[in-house]
Structure formats: C-alpha cells, structure tokens
Amino acid sequence: MFLPCVCGGGRRKARRRRRRISCCDEQNWEPRDRCSSLQKSTKTMGLQTQPYGIQGMLKEGHKHLSGLDEAVVKNIDACKQLSTITRTSLGPNGMNKMVINHLDKLFVTSDTATIVNELEIQHPAAKILVLAGKAQQEEIGDGANLVVSFAGELLQGAEDLIRMGLHPSEIIIGYTKAINKVVQILEDMVEKGSETMDVRNKDEVILRMKAAVASKQYGQEDILCPLIADACIQVCPKNPVNFNVDNVRVAKLVGGGLHNCTTVRGMVLKGDTVGSIKKIDKAKVVVIAGGVDTTATETKGTVLIHSAEQLENYAKTEEAKVEELIKAVADSGAKVIVSGAAVGEMALHFCERYKIMVLKIGSKFELRRFCRTTGAVALLKLGAVNPDDLGYVDSISVEEIGGARVTVVRNEQGGNSVTTVLLRGSTDSILDDLERAVDDGVNTYKALCKDSRIVPGAAATEIELARKLKEFSFSETGLDQYAIGKFAESFEMIPKTLAENAGLNAMEIISTLYADHANGNVKVGIDLEEGACKDVSTLKIWDLFVTKYHALKYAADAVCTVLRVDQIIMSKPAGGPGRRDQQPMDED
C-alpha cells in the first residue's frame with residue numbers, strides 16, 4: 001500500500017499543473033468558445049429580424065385573415081348576427097329592444113336606426129350594414145330595418161351558394177342583375193295616378209304616412225298621423241321640394257296621454273319668462289343675441305373717485321345709460337325682448353318699468369328658430385332698433401302643462417315657418433318613442449314632396465317581386481341564375497317576419513300569398529289584425545316607392561361590398577392606456 005506524499009514538492013507540482021491548465025484555458029480554449037457562441041447568436045438574431053411573408057411587411061401585433069372560411073364566411077356570420085337582432089323589430093308588431101349604451105342611458109325602442117347607433121358595433125363587415133341603414137335613415141327617414149334585415153337574408157343565401165361551390169364573383173354578378181330587374185318590376189307596380197298629388201291635401205298625406213308611423217306606434221297611427229300632417233302642411237313652402245324637416249319641432253312633456261297631444265303654430269319653450277309679465281298679445285319682438293346688460297369695455301380702465309358725491313353720480317350715470325337703451329327699444333314699438341345670454345338686474349328693472357316682456361333662450365339654435373318663427377333679425381347688443389329688424393308674434397304666454405311651466409309662442413298669421421308638435425306621455429321612454437314616430441312621419445312627408453308614387457304595402461310588393469324574379473332566374477343560363485334565385489327567395493323573409501311577429505303561421509300565409517298573386521291579384525297582402533290575406537287597396541296600406549327603392553338598392557350594394565372582401569388585414573392597435581380590467585366580484 002502506498003501513502004500519498006505530504007512533502008512540499010508534491011504540493012508544488014500540483015499547483016504548477018493547475019496553473020498550466022488555467023493558462024491554456026485563457027489562451028486557447030475560452031476565446032474560441034466565445035467566438036463560436038457570438039457567431040451562433042448573430043445568426044439566430046439575423047433570422048429573427050427577417051421574418052418570412054406578410055409578417056415581415058407589417059408591424060408586430062397585426063392580424064391577417066384570408067380565404068373563404070376565415071374572411072368571407074366570418075364576415076357573413078357577423079352580418080347575419082346583426083340582422084337577427086333587428087329582424088324581430090320589423091313591422092307593426094315588431095318587438096322592442098332594451099339597449100343600455102356606454103353612458104348607462106336606457107333605450108326601449110323598435111327603431112333600428114336607434115338600436116344600431118347605440119350598440120357601438122365593432123366588426124368591420126357589420127359596420128357596412130350599419131352605414132347602409134344610416135344612409136337610408138338620412139335619405140328617407142324610414143326603412144332602416146328593411147335594409148339591415150334584407151341584407152342579412154341576402155348574405156345567408158350567398159353563404160349557401162358559396163358552400164355549394166359558387167365563387168363570390170358569380171354571386172355578385174347574379175345579385176347585380178337581380179337588383180336591376182327588381183327596380184324594373186317595382187316601377188311597374190306603382191299605383192296609377194299616384195304620381196301627382198296635392199301635398200297640402202291632408203287625406204292624401206295621411207294615406208302615405210300611415211304605414212311609416214304604424215311601424216313605430218301600431219294602433220296609435222289614427223291619432224298621430226293627423227297631427228303630423230297638420231304640422232307639415234302648415235310649414236310647407238310654396239315649392240314643396242324645399243320642405244325643411246327642422247321646421248317641425250317636437251316638445252315632450254311628461255304627464256297626460258296621447259289624446260292630449262296637440263300642434264302649436266309657433267314654438268314651445270321649456271321655462272318661464274324672466275320678469276313678471278307672463279302674457280302679451282300681438283306684439284313686436286326684438287332679439288338680442290349678446291344679452292341684455294351693460295356692456296363691458298374691451299380695454300381695462302381705472303376710475304378715481306374722490307368723494308361720495310362722485311360715486312353717486314357715477315352710479316346714476318350707469319342707470320341713465322341703461323334706461324336710455326331700454327327706452328330706445330320701447331320707443332321702437334317692441335313689447336318683447338328675447339335675450340340669448342344673461343339679463344342684468346338693472347336692465348330687467350327698466351324693462352318692467354316700460355312694460356316690456358323679457359324672455360331668455362340659452363340655445364343659439366333655438367334662438368335661430370325663434371327668429372325664423374317671428375321674422376326678427378338677431379342684434380348683437382342692446383341699442384337703437386331699426387324697425388326692419390323687429391319681428392311679430394300673435395301671442396306669448398306662460399302656461400302650466402303637466403306640472404311644468406312652458407312659454408308658448410304662437411304665430412297664427414305671420415310667417416308661421418315653425419310648427420311644434422306637443423307630445424304627452426306617462427314616461428320618458430314612451431315620449432322618446434313617440435318622437436321617433438313623429439320624425440318618421442315628417443321624413444315621409446319630405447320624401448313624398450319629391451316623389452309621391454306609392455306601391456302596395458303589407459308584404460304584397462315583396463311577394464310579387466319574389467314571384468317575378470324567380471321567373472326571370474329561369475330565363476338565365478349561367479351560374480348567376482342560382483344567385484338570382486336566392487335573391488328572389490330572400491324577399492320571403494319580409495312576409496315571414498311580419499307573420500311571425502304577429503303570432504301567425506308564416507308558411508300558411510306565404511303559400512296563400514303566392515297562390516293569390518299567381519291568380520293575378522298582385523295587391524293581396526297580410527291583414528295582421530284578422531290574420532288573413534286581403535287586398536291592401538281596401539285596407540289602405542301603401543308604401544312609398546322611394547322608400548322601397550332606396551332600401552333594396554342600399555341592401556344590395558352593402559351585400560356586394562361584403563362579398564367582395566377576401567382578406568382582412570388589421571394593424572396593431574394604437575398605443576395608449578388600456579381599459580382597466582374590473583376585479584371579479586366576491587361570491588358573498
């Protein structure tokens with residue numbers, strides 16, 4: 001057995017050997033290893049900075065969807081979801097939607113334009129349908145639901161055709177042919193003699209307005225339509241084409257019921273007069289936009305007062321100046337001053353002395369309408385008044401309606417260019433819905449001033465379009481005939497939805513309609529009250545030609561736009577503070 005040497009020589013040899021190994025590491029091995037690792041890291045970094053394909057073109061964080069399944073079908077699905085929401089609100093028996101927007105405001109309505117506005121839809125394809133509905137609302141004022149619902153039905157048919165193997169381009173060609181044919185058929189269905197009408201004939205106006213108002217307030221159209229027709233006829237200019245919707249105002253007061261609604265030739269302003277004079281008849285009016293008060297100077301000034309007598313004279317000078325201004329107004333013959341800003345205490349004192357009524361209107365838009373109603377010219381500041389700048393009112397009075405004090409400005413004989421529909425109802429939601437019905441009626445009047453042609457309502461037009469378009473599809477020879485056939489089938493959605501919303505048997509109604517139309521009764525539609533199919537000319541249910549025309553055109557254009565999309569490329573969202581995630585609530 002050998003024992004290790006414990007002398008100093010053995011330890012020195014081991015130390016020398018360790019030193020030699022460490023020197024080799026420093027001189028030979030480590031530098032080589034470091035170089036090779038650096039080369040490897042630069043190679044991997046080079047691969048990372050040059051990604052392949054579209055990832056190398058767009059900023060990190062983007063999204064890219066392409067192909068039928070990812071882009072086209074997903075777009076169609078989003079539009080169908082929106083259409084499903086709005087479809088149940090179609091027609092007189094349409095159901096209400098309860099929408100709470102981002103500001104926690106509650107909307108209870110069946111008006112599609114309001115629903116899609118407050119939903120804040122994010123999907124880009126669904127937004128195209130929303131824009132089409134908004135365009136219809138701005139152009140005609142009615143038919144937004146028809147646009148969105150019909151477009152959703154067309155996209156449902158397009159999805160079926162895509163799954164059968166048709167290319168979106170062939171579907172677009174077929175849909176374009178179909179809408180052009182639909183316009184021709186629609187023009188042939190116009191009721192004879194409806195091209196010319198007197199827009200001041202109340203009965204004719206009510207006949208054309210009834211369907212639009214009934215779709216929002218079913219059962220109340222017999223009360224609302226005469227009110228809206230009266231208001232529109234009163235403000236209709238000599239050339240009806242220049243009819244301005246803004247001239248028919250709506251004032252909503254909680255309390256009472258629908259039978260308490262009236263029209264006022266003039267304006268209804270919420271609020272009381274400023275002074276103690278509450279009623280005045282047949283008076284001249286002066287409108288001061290800058291307020292009734294002493295005007296401050298543009299430059300700063302300093303007044304040195306040495307005695308009490310000088311102070312008293314200074315105050316008296318100010319009083320004399322204000323009195324001089326008010327006296328100048330009184331001498332011009334004006335009995336009413338309407339201010340667009342604050343009314344000073346001193347000025348009000350002298351107005352009371354000269355028996356001048358003072359009215360304050362804070363909104364500059366309301367002030368402009370008041371000037372239109374009375375024919376006055378708004379002056380910048382208080383001073384001498386030119387007689388040509390004065391307006392005229394038949395009466396201004398403060399009345400208490402339903403617990404609220406309102407100022408009623410009537411102008412029965414003078415240029416009554418503004419009329420107000422005074423609505424009464426039990427809750428704010430009901431009043432808002434009534435206001436939407438009035439807006440639809442006024443917009444319908446504007447549309448019929450330009451084009452008064454009418455077509456049969458109650459789904460009679462849609463069934464006839466479906467029947468004739470189906471016949472037209474059989475005469476086509478290409479693949480687009482399938483698209484035309486689907487376009488024709490999509491029209492069945494309207495009678496089907498009307499029947500379902502009224503609780504009727506949809507299939508039975510549609511088959512009866514087809515049978516009657518095949519026998520030549522092209523005016524047969526759905527009577528929702530009795531649940532049967534009847535001639536709409538006896539029911540007096542008519543739709544405006546321009547409403548149908550624009551709705552179908554906008555729907556077809558929106559559908560073709562959605563079908564033309566084959567890729568969706570979304571950039572990385574812009575930076576900024578993200579939404580704070582709400583903490584989950586405790587189970588307790």
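This is a predicted model: local features need pLDDT of at least 70, side-chain atom pairs count only at pLDDT 80 or more; totals for chains, interfaces and linings use all residues.
Just past helix 12, Gly375 adopts a positive phi of about 80°. Residues are numbered from 1 along each chain as its sequence is written, and side-chain values use heavy atoms, with hydrogens and water left out.

Back to helix 12 itself, residues 364-374. Helices here are DSSP runs of H or I with at least four residues, numbered from the N terminus. The buried residues of helix 12 are Leu367, Arg369, Phe370, Cys371, Thr373 and Thr374. Buried means under 20% relative accessible area, exposed over 50%, and partly exposed in between, using a 1.4 Å probe and protein chains only.

Now for the largest nonpolar core, which has 104 residues. A nonpolar core is a set of buried Ala, Val, Leu, Ile, Met, Phe, Trp, Tyr and Cys residues joined through side-chain atoms within 4.5 Å. Helix 19 supplies the largest share of this core, 11 residues. Phe150, Tyr175, Tyr445, Phe487 and Leu563 have the most contacts inside the core. Setting aside residues up to four places away in sequence, Phe150 touches residues including Phe487, Met493 and Leu552 (contact means heavy atoms within 4.5 Å).

Helix 19 (residues 545-563) also packs against helix 7 (residues 168-188), at an angle of about 175° and with the axes 10 Å apart. Axes are lines fitted to C-alpha atoms, for helices over the stretch in contact, and angles run from 0 to 180 degrees between N-to-C directions. The two helices are therefore roughly antiparallel, a label for angles over 145 degrees. Tyr175 in helix 7 is one of the residues in this contact, and Leu563 is among those from helix 19.

Asn75 sits in helix 3 (residues 67-87) and counts as buried because its relative accessibility is 3%. Tyr514, in helix 17 (residues 506-518), is partly exposed at 23%. The C-alpha atoms of Tyr514 and Ala460 are 9.7 Å apart, although 54 residues separate them along the chain.

Note on methods. Angles under 35 degrees count as roughly parallel, over 145 as roughly antiparallel, 65 to 115 as roughly perpendicular and the rest as oblique.
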